[in-house]
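Good morning, colleagues. Please look at the model on the screen while I go through a few of its features.

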Amino acid sequence: MNIVHVDVRWIGAADCDRSITERSEVGAERGPSVRRRRLAAELQRLRREAGLTRDQVAKHAGCSPVTVTRIESATSAATVALVAMMLDLYGLTGERREALLQLARDARKRGWWYKVSEAIPEWVQSYVGLEEEAATFQEYQPEFIPGLIQAEGYARAVMRSAPVLPPESELERRLAIRMERQQRVLERAHPPEMWFILNEAVIRRPVGGAEAVREQLELLIRLSELNHVTLQILPFAAGVHPAMDGGFTILSFPKPADPDTVYVEYWQGSVYLEDRSEVGAYVLLFNHLRARALGPDQTRSLIAQAIRQI
């Protein structure tokens, strides 16, 4: 099983030869996280095609093998000079070389979250970079409302449930960052397609008091009426189901060269699954949940019933 902890590692990419030469597309439509990931896949593919080891590349470039590993796994952003030396070794010339060098320049640009990076764990920063550029989200959560669709009162209560609380000013800062994440994704000119499946426990659990719960459930109903948002509740009556191990998110991106990934978050960290067979297994799992869950209209009715019972 191909598992990557904390940082996304993309091995291989479809349609690389065609898409890597589309300079305007690379610069205009992708943020630093996706560009770094694309560059990593290209450099790894070129090294393998050249029949070289990471040790050999490191010796030529005057760096450590660990540095090459971190660049190829998208853990670190490579300098343009280092990428140029790697491309020299791989014998890459012409337009594709220039496109990769531009990709290296763009990959070193910083996203908006870097200005508040001290308030966001490193493993969350990696996800935020992908979150902003995903074309579709498919998410299942058994215990809480997904962060992208949390109301402010609900989000504040979730943050205050941590075993160790930061000062109130820091908590409010983190809350403001979460709200900004929502705004940047939900208020895009072309918002992503979003499909959420929530365990019924999510809408029954009292989080933050009656008013916070009411605000949150009313927000769910409003969001579920948007054309690009689908919301389903997996009812208790569904009984045992195949996702009882926990929640997950499947992210898809606009271009085939940016493969889908599965994001699984746990206490103090996260895991990214990238292998096609693993992603396919989670897609199948999500489809099974869709089949067992209530339809959108039934879901709204159940949420409205939960509101009346507050």
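Which residues does Ile-221 touch, not counting residues up to four places away in sequence? Ile-221 touches Arg-300, Ile-303, Ala-304 and Ile-307, where contact means heavy atoms within 4.5 Å.

A word on the source: this is a predicted model, in which local features need pLDDT of at least 70 and side-chain atom pairs count only at pLDDT 80 or more, while totals for chains, interfaces and linings use all residues. Residues are numbered from 1 along each chain as its sequence is written, and side-chain values use heavy atoms, with hydrogens and water left out.

Ile-221 sits in helix α12, residues 210-224; helices here are DSSP runs of H or I with at least four residues, numbered from the N terminus. Ile-221 has 18% relative accessibility and therefore counts as buried (under 20% relative accessible area, with a 1.4 Å probe and protein chains only). Its C-alpha atom is separated by 9.1 Å from that of Ser-301, 80 residues apart along the chain.

I turn now to α4 and α5. The axes of α4 (residues 54-61) and α5 (residues 65-72) come within 8 Å and cross at roughly 110 degrees; axes are lines fitted to C-alpha atoms, for helices over the stretch in contact, with angles from 0 to 180 degrees between N-to-C directions. The two helices are therefore roughly perpendicular to each other, a term covering 65 to 115 degrees. On the α4 side, Arg-54, Asp-55, Val-57 and Ala-58 take part, meeting Pro-65, Val-68, Thr-69 and Glu-72 of α5.

Note on methods: Angles under 35 degrees count as roughly parallel, over 145 as roughly antiparallel, 65 to 115 as roughly perpendicular and the rest as oblique. Buried means under 20% relative accessible area, exposed over 50%, partly exposed in between (1.4 Å probe, protein chains only).
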